[in-house]
Amino acid sequence: MDEWRIGDVLTTRILEMCEPLRTPSEWFPDSTEEAIRPHLHWLVPRSLSPATGRIILPIQSYLVRTRHHTILVDGCVGNNKSCKDFAHWHDRNDDIRGR
């Protein structure tokens, strides 16, 4: 987990998954290999998978803690959602009680 503090506020990143999902042209139809090539030095390997050529997308939430509040920002992909484009997300049912 990544954490950082700004004053009295502590923010924690909660990573649900981080994996190569789609090719750049699937997300950005106007992208080309020629346009991406000059950026490979900073894209690979954290943002673009060298093995698959797919964009690596972290699915995450943030927990923000102040002196008086604990706030969850963005519930991530989560369970029981229809997402037929991504079979491993479609109707997920992660049993977190066992963790």
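Arg 13 is partly exposed, with 22% relative accessible area (buried means under 20%, exposed over 50% and partly exposed in between, for a 1.4 Å probe and protein chains only). The model is predicted, so local features need pLDDT of at least 70 and side-chain atom pairs count only at pLDDT 80 or more, while totals for chains, interfaces and linings use all residues. Residues are numbered from 1 along each chain as its sequence is written, and side-chain values use heavy atoms, with hydrogens and water left out.

A look at the charged pairs comes next. The structure holds 4 salt bridges, each defined as a side-chain nitrogen of Lys or Arg within 4 Å of a carboxyl oxygen of Asp or Glu. One of them joins Arg 13 to Asp 2, with the closest N and O atoms 3.0 Å apart. Because Arg 13 belongs to strand β2 (residues 9–22) and Asp 2 to strand β1 (residues 2–6), the pair ties together parts that are 11 residues apart in sequence. Helices (H or I, at least four residues) and strands (E, at least two) are DSSP runs, numbered from the N terminus. Asp 2 is partly exposed, at 38%.

Arg 67 and Asp 8 also meet through their side chains in a salt bridge, at 2.1 Å from N to O. This pair links distant parts of the chain, 59 residues apart: Arg 67 sits in the loop between β3 (55–65) and β4 (70–73), and Asp 8 in the loop between β1 and β2. Arg 67 is exposed at 65% relative accessibility, whereas Asp 8 is partly exposed at 45%.
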